[in-house]
Amino acid sequence: MEAAELTRWRQLHPRYTYWCGSLLGGCGEPLTDRRYHSKVCHFAHHPHHTCTRTANGEDSADHLFMKRALHNWIGSQGCKGAVHLPKSATPPGSMIDVDLKGSLRQLRFRLRPDSNGSWGLAPGNTDAPGDKEADWVFGLGGPAPKELLDGVGYVFRIRFETHGAERCPYLGVQQRGKGTEWTPFATAALTTDGLSTPTVDEIRAARRRSTAGAPIQPAGGRSPRSRVM
Ligand SMILES: [Zn+2]
C-alpha cells in the first residue's frame, strides 16, 4: 500500500482498529498502521514489543482463505458441515478438519508439514471418529505420502493463487510418474467415494474395473458422479 492509499483508507475507515491475529499465530496485541513514502506502508506493534508470530509471508493466512472457501463449497454441495482449525496445529494454521453432516466422509487438510518435513499422523491411520473415512489433502511443502500413492493411487494437493486481495485454492491430483492435475477447488464434487475431480473419478473407476478382474479401458469416459445428500 502506497502512502496516498493508506491516507484514503484511513479516511474511509476512521474507526477501524487493528490487532495481531491469534489465528495467524500472532500475539493478539494492538497494531498501528505506519505511513511511509520511502517504503511500503505496514502494520506494526508498539516499539519494544516481542511478537509470537513467525510467519509473515503471503501464504501465512491461507488457512483462513481455505476455511472461507470450504464454507462456500459445503453450501454449494447442498451439505451442512463444520470447519475446524485445530489449536494443536504446528505450525499454526497448518491443519483444517472438515466434518460433513449426513456424510460418511470427512476432509483433513494438512497445509504445511512440521519442522521435520513430516505430515504427522499417518494417513490411512485415520483419526476420524466412528466409521467415517477421511479424504486427505496436502500442501506443497512436503513429500507425497507413500501410503496414499500405493493405497488409492493418488494424493490430493492444495495450492493457492493470489487474485487481487484474495488467495484462491486449487485442488491437485498427484499420481506416480505424472504431472499434478489442478482444478479450482470450488469445482470439486462430493460423491459417495469422497472428494472428487474428473481425474480422480477416472482413477477410481479404473481401479474398480481392475479389482473386478475386467480389462482396464483407457481413461476417457467420465464416470457419472453420485452425489452425497
Ligand atoms: Zn503480534
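Here are a few questions about the sheet and the core of this predicted model.

Q: What makes strand 6 and strand 7 a pair?
A: Pairing takes at least two bridges between two strands. Strand 6 and strand 7 have six, in the parallel sense, so by that cut-off they count as paired. Arg108, for one, stands opposite Trp136 in strand 7.

Q: How do you know that strand 7 and strand 8 pair?
A: They share two bridges, again parallel, and the cut-off is at least two, so they qualify. Val137 has Phe156 of strand 8 as its bridge partner.

Q: What makes the pairing of the sheet mixed?
A: Seven strands line up in the order 4-5-6-7-8-9-10. Strand 6 and strand 7 run parallel, while strand 4 and strand 5 run antiparallel, joined by four bridges.

Q: Why do strand 4 and strand 10 stand at the edges?
A: Each has a single partner strand, so one side of each has no neighbour in the sheet.

Q: What makes Met66 and Ile158 contacts of Phe109?
A: A contact means C-beta atoms within 7 Å. Phe109 touches Met66, Met95, Ile96, Val137 and Ile158, leaving out residues up to four places away in sequence.

Q: Which residues have the most contacts inside the largest nonpolar core?
A: Phe109, Val137, Phe138 and Phe156, in a core of 24 residues. Among the elements supplying at least two residues each are helix 2, strand 5 and strand 9.

Technical notes:
Residues numbered from 1 in each chain as written. Predicted model: local features only at pLDDT ≥ 70, side-chain atom pairs only at ≥ 80, totals over all residues. Core = buried A, V, L, I, M, F, W, Y, C linked by C-beta atoms within 7 Å. Buried ≥ 20, exposed ≤ 12 C-beta atoms within 10 Å, placed from the backbone. Contact = placed C-beta atoms within 7 Å.
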